[in-house]
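The stops below are given in the order in which to select them.

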Amino acid sequence: MDSLTQIVLGAACGEVVLGKKIGNKALFFGAIGGTLPDLDVFVGKWLYSNEIQAMAFHRGFMHSIPFAVISSILLGYFLFWSFDRGSRKGLTTRKNWISLFFWSIFTHPILDCFTAYGTQLFAPFSSYRVAFDNISVADPLYTVPFLLSLVLLLFFKRNSKPRRTILNFGIVVSSLYMLTTFINKTYISTVFKSSLENQKIVYSRFRCQPTILNNVLWYGIAESKSDYYVALYSIFDESDYPKKWQRIPKNHNLIPTNDKDIQTLIWFSNGFYSVTESAERGVFIFKDLRYPLMDENDPNSSVFSFSIEKVNERWIAAPFYPVNPDEEDVLNFWNRIKGI
């Protein structure tokens with residue numbers, strides 16, 4: 001999920017493990033642990049000169065279980081060595097610090113698994129990406145109550161009972177909301193699949209996920225032999241079915257699918273992609289259709305697209321192909337959330 005949410009969750013883990021011993025410092029170090037896996041964005045750019053491979057590195061090894069174990073041990077040893085001296089001698093143990101960093105780092109990829117992007121929990125042993133598709137990468141209803149509880153507990157002493165009560169409240173509220181997103185997904189999946197059946201659309205694969213910043217307006221995509229069918233549906237829609245299934249041709253033949261870099265893009269999109277030619281010769285638009293269209297009536301309005309071309313025997317990408325929402329797009333999006 002977004003960086004703020006991961007910081008909040010990491011800080012909460014720090015508070016649970018060491019809050020009673022070191023107070024607000026536990027929030028700080030937990031927040032560092034919660035941020036650490038997302039540094040792979042910068043590490044990927046350092047390791048790879050090719051933008052496609054650098055992009056694929058994100059949510060890879062640094063979001064895995066092995067990384068959480070290794071990094072928490074290293075950080076735990078270092079922080080215990082640097083903290084356990086002077087007046088703080090004996091206040092904490094090495095196990096405390098390892099535990100703090102393990103839970104703050106480990107919960108980061110676990111939370112990411114609930115989004116559509118996918119997380120390689122088992123890297124480097126497997127490139128399989130876990131994705132439950134039940135919550136947006138940024139959802140204020142999950143983050144804000146959790147954040148407010150952490151801010152509020154800052155005003156209480158580390159051993160006070162209200163401090164732990166406030167923390168528990170934030171954890172419970174956010175967890176209950178996460179549970180609600182699974183209920184929504186189950187209901188919406190039924191709506192989409194029933195609509196596809198009524199429309200007599202034959203498909204081999206189907207998935208759905210919420211649109212950005214909410215869990216009300218959902219996006220569904222079904223794959224047939226030569227096309228994809230996509231639609232939006234809001235929980236507040238008066239109709240029992242989506243307004244329209246937009247057909248998007250695959251056009252996979254436009255690019256060499258056996259090329260290493262193209263195969264990485266295909267893996268990255270989980271095979272849900274379409275290709276179109278751009279106005280510039282030799283440049284193509286690779287559309288990752290796991291994510292919604294900006295305009296459900298415009299098949300070319302994919303929000304997650306890459307401009308790709310072959311340069312010096314390698315395919316390169318320039319994320320993202322510009323699809324800049326204007327005021328009308330934002331208004332339409334808000335109206336669709338409301339079921340209009």
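Select Tyr219, Val230, Ala231, Leu232, Leu293 and Glu296, which line the largest cavity. The model is predicted, so local features need pLDDT of at least 70 and side-chain atom pairs count only at pLDDT 80 or more, while totals for chains, interfaces and linings use all residues. Residues are numbered from 1 along each chain as its sequence is written, and side-chain values use heavy atoms, with hydrogens and water left out.

A cavity here is a set of points, on a 1 Å grid over the protein atoms alone, where a 1.4 Å probe fits but cannot get out; lining residues have an atom within 4 Å of a point. Grid points are joined across faces, edges and corners, and a volume is the space filled by probe spheres set on the points. One cavity of 30 Å³ or more is counted, and the largest has a volume of about 40 Å³.

Colour strand 3 (residues 227-234) next: three lining residues, the largest share, come from this strand. Strands (E, at least two residues) and helices (H or I, at least four) are DSSP runs, numbered from the N terminus.

Move to the loop between helix 6 (94-112) and helix 7 (140-153), where Pro124 lies. A cis peptide bond joins Ala123 and Pro124, with omega about 5°. Asp133 is in the loop between helix 6 and helix 7 too, and its phi is positive, near 60°. Asp133 is buried (under 20% relative accessible area; exposed is over 50%), at 8%.

Finish at Glu313, in the loop between strand 7 (305-311) and strand 8 (314-319). Glu313 has a positive phi of about 70° and is exposed at 64%.

How values were computed:
On a 1 Å grid over the protein atoms alone, a cavity is a set of points where a 1.4 Å probe fits but cannot get out, and a pocket is an open set with protein on both sides within 12 Å along at least five of seven lines; lining residues have an atom within 4 Å of a point. Buried means under 20% relative accessible area, exposed over 50%, partly exposed in between (1.4 Å probe, protein chains only).
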